[in-house]
Every structure is written in C-alpha cells, then in structure tokens.
Amino acid sequence: MKLRTMASFVVPVATRFTRVTIDSLHNINKNILLRLIQPSHVSWQRQEYSTITEEQKSESGEPVLELTENERKLKADIELINKELMDLKNHKNDLEDKYKRALADGENLRVRLNKQIQDAKMFGIQGFCKDLLEVADILGKATESVPKNELTEKNPHLKTLYEGLKMTEAQLHKVFKKHGLVSLNPLNEKFDPNQHEALFQQEVEGKEPGTIVVVSKLGYKLHERVVRPALVGVAKG
C-alpha cells in the first residue's frame, strides 16, 4: 500500500522535471543557434556594404556592373535605334520646313497673280484711254474757242454745233468716269509732282508759293493711277 502511494507521487514529479529539463535544453540550443547565426549575418552585411562601397569608389562614381553578352547586344541595338530615331526627327523637321516654305511661296505667287489679273482688268484699257484723251482735249478746245456772244438766235447753226460739241464732250467724260478715268483740274491747289507737271513759274500777287495758278492741260487718273499729269503754271515765291 505504501509503495503504491509513493509511486503515485514520484511519477508525476519525475515527468514534470523531465519536461522542464527538455524545455530548458531547447531554449539553450535556440540561443546558441541565434548567437552563431548573428555574427555570420553581420559579417555578410559588412561584406556586402564593403563591396558596394568599393564599387561606388570607381572612376565614374557609380557601381560598375559587368554586362552579359545579351545585355551588351541589347544596349548596342538601343543606341542604334536612338540614332536612327534622331536622324528621322531631323529629316522630318527638314521636310516640314520645306513644306512650309513651299506653302508660303505658293501663297505669295497666288497673291501676285491675283494682283496682276486685277491690274490687267483695271489698267488694260490704259493705252486706249490715253488715245481718247487727245480727242477730249480737241473737243474742249473747240468748245472754248466759240465766242459766247455769238451763240444767239442769229447764228442757229453755230449754236447747234456748239451744243452738239458740248453734249459729245459730256458723253465722253461720262464714259471715262464709267471706266474709272477721271479728270484732274488742280487750279488753286498745291503743286504735287506726282500728279502735276510744272511748265513755268510766275509771281502772282495774293498766291502762296507753290500754288497752281494756271492749268494748261487737264490731267487724268485711271483707278487712282495717274495716266497723264496736269500741265500747270505755279506761283513763284
């Protein structure tokens, strides 16, 4: 009976002691392994750091990495593609510049041609107008040479002729105006060398120097272009 009681007491105590011992040994082994691993890890970190440091101390200041054959080939291909791309960009820019210049030249040519066409339409009759101006001058002189005191019922033929000449002259100037040809009578105006031609100068009392005092022949303009300058006499200062 006493032996059974002692056995029932001793067995649990031994079992607990065994467990404690095993746990202690396990913890000790774990600590030992951790101590063994830590130095190697630190040394590996130091070694890696020292390697990177040496690489950073290269001439270029960057880590020197050896490239494989495929990487070198790929790098060469990329450089070739970049060069071809740059050449294509330059060629594109050159073509764009030529295209813009061609457009500008075409537009300038179109404007010039349109202006020439308009000038041809407006001034194509310039030579014909100059020839008709002589007719207008003759009609004007003819009507001016008729004595006004003779235009009476006593001279019906002269009066009828005079009226016919005046009507012809008026109709001729009407046609001139229709086609853009207008007369210039610059009496008492300032002399303009672009529109007038001075035949003489004379002193005229009460007139400022450069004032037109006599108009010997009327001038004409066709669409603001002088076809014939007016022949004038100018006051002398």
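**Labels and their grounds**

Modeller: What covers the buried residues of H4 includes helix H3 (126-144), strand E1 (181-184) and strand E4 (219-222). Keep in mind that this is a predicted model.

Colleague: Which residues of H4 are called buried, and what makes a residue buried?

Modeller: The buried residues are Tyr 162, Leu 165, Glu 169, Leu 172 and Phe 176. The cut-off is under 20% relative accessible area, so each of these five names falls under 20%. Across the 237 residues of the chain, 16% count as buried.

Colleague: How do you know that the span of H4 agrees with what a helix of 23 residues should give?

Modeller: The expected span is 1.5 Å times one less than the number of residues. For residues 156-178 that comes to 33 Å, and the end C-alpha atoms are 33 Å apart, so the two agree. Just after H4, Gly 180 has a positive phi of about 90°.

Colleague: Why are E3 and E6 said to pair?

Modeller: Pairing needs at least two bridges. E3 and E6 (residues 230-235) are joined by 4 bridges, so they qualify. The two strands run antiparallel. Val 215 has Val 232 of E6 as its bridge partner.

Colleague: What is the strand order of the open sheet, and what makes a strand an edge strand there?

Modeller: The order is E2-E6-E3, with mixed pairing. E2 (196-202) and E3 (212-217) are the edge strands, as each pairs on one side only. Neighbouring strands of this sheet are turned by 30° against each other on average, direction ignored.

Technical notes. Residues are numbered from 1 along each chain as its sequence is written. This is a predicted model: local features need pLDDT of at least 70, side-chain atom pairs count only at pLDDT 80 or more; totals for chains, interfaces and linings use all residues. Side-chain values use heavy atoms; hydrogens and water are left out. Buried means under 20% relative accessible area, exposed over 50%, partly exposed in between (1.4 Å probe, protein chains only). Contact means heavy atoms within 4.5 Å. Axes are lines fitted to C-alpha atoms, for helices over the stretch in contact, and angles run from 0 to 180 degrees between N-to-C directions.
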